[in-house]
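Work through the exercises below with the sequence and the model in view. Try each task before reading its solution.

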Amino acid sequence: MEGVGGDSGAAAAPVNQWVNDVSRIFQYYLDKSTPYSMYRWIGTAVLLVIYAVRVYYVQGFYIVSYGLGIYLLNLLIGFLSPLVDPEMEASDRPLLPTKGSDEFKPFIRRLPEFKFWYSFTKAFCVAFVMTFFSMFDVPVFWPILLCYWIVLFVLTMRRQIAHMIKYKYIPFNIGKQKYGGRKPSASSSASRAD
């Protein structure tokens with residue numbers, strides 16, 4: 001009786017080892033790509049173009065594209081939102097400053113840039129694979145889906161921008177601010193001329 005259950009476990013061991021090795025290698029290269037955000041986004045843009053060409057070429061899978069658009073809109077909301085929403089409940093975590101006299105607290109995203117990129121790219125890969133299966137090609141009138149998605153996008157972004165204005169936060173890092181430095185005074189420039 002002991003030999004019956006042991007055979008399936010022995011056969012699955014090499015498969016489990018291979019899956020572990022592949023996932024470890026994948027995670028290694030994913031970790032190595034973390035500091036190269038511009039190149040990651042360029043790669044994702046290439047995937048986006050390939051997906052768009054595929055959908056255009058087969059003239060279908062509009063419902064998959066619509067679902068992809070809704071998912072990406074959801075990711076964008078998470079990317080633009082603060083970790084702790086001041087409208088919700090009071091918490092022990094640092095909140096965004098609402099007055100000029102408040103202490104400065106950095107903007108912490110609910111969805112960090114790397115996870116946003118990774119989910120964004122994964123979504124395009126899954127949608128691309130779905131375009132090879134005809135069961136996902138549901139016939140729909142795509143202009144209605146496009147108009148509905150645009151309305152959702154505009155309403156959602158208007159609400160998100162109003163939230164940003166109300167709580168005075170900018171979810172984008174524009175880089176280190178540069179100051180002009182000291183301007184030379186008239187007396188110091190006159191003394192240099194002597």
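A residue is called buried when its relative accessible area is under 20%, exposed when it is over 50%, and partly exposed in between (1.4 Å probe, protein chains only). The model is predicted, with local features needing pLDDT of at least 70 and side-chain atom pairs pLDDT 80 or more, while totals for chains, interfaces and linings use all residues. Residues are numbered from 1 along each chain as its sequence is written, and side-chain values use heavy atoms, leaving out hydrogens and water.

**Exercise 1. Find the salt bridges and describe where their partners sit.**

Step 1. Count. The structure holds 2 salt bridges, a salt bridge being a side-chain nitrogen of Lys or Arg within 4 Å of a carboxyl oxygen of Asp or Glu.

Step 2. Take the pair in helix H1. Arg 24 and Asp 21 form a salt bridge at 3.3 Å, N to O. They are 3 residues apart in helix H1 (residues 2-32), so about one helical turn separates them. Arg 24, at 52% relative accessibility, counts as exposed, whereas Asp 21, at 29%, is partly exposed.

Step 3. Take the other pair. The closest N and O atoms of Glu 113 and Arg 40 are 3.0 Å apart. This pair links distant parts of the chain: Glu 113 is in helix H4 and Arg 40 in helix H2, 73 residues apart. Arg 40 is buried because its relative accessible area is 6%; Glu 113, at 26%, counts as partly exposed.

**Exercise 2. Which elements give two or more residues to the lining of the largest pocket, and how do the lining residues divide into nonpolar, polar and charged?**

Step 1. On a 1 Å grid over the protein atoms alone, a cavity is a set of points where a 1.4 Å probe fits but cannot get out, and a pocket is an open set with protein on both sides within 12 Å along at least five of seven lines; lining residues have an atom within 4 Å of a point.

Step 2. Describe the space. The largest pocket holds about 550 Å³. It is lined by 20 residues, of which Ser 65, Tyr 66, Gly 69, Leu 146 and Trp 149 are the closest to its centre.

Step 3. Name the elements. Helix H2 (37-58), helix H3 (62-80), helix H4 (113-130) and helix H5 (142-167) each give two or more residues to the lining. H3 supplies the largest share, 8 residues.

Step 4. Sort the residues. Ala, Val, Leu, Ile, Met, Phe, Trp, Tyr, Cys and Pro count as nonpolar, Asp, Glu, Lys and Arg as charged, and the others, Gly among them, as polar. The lining has 18 nonpolar residues, 2 polar and no charged.

Notes: Points joined across faces, edges and corners; volume = space filled by probe spheres on them. Helix = DSSP H or I, 4+ residues; strand = E, 2+ residues; numbered from the N terminus.
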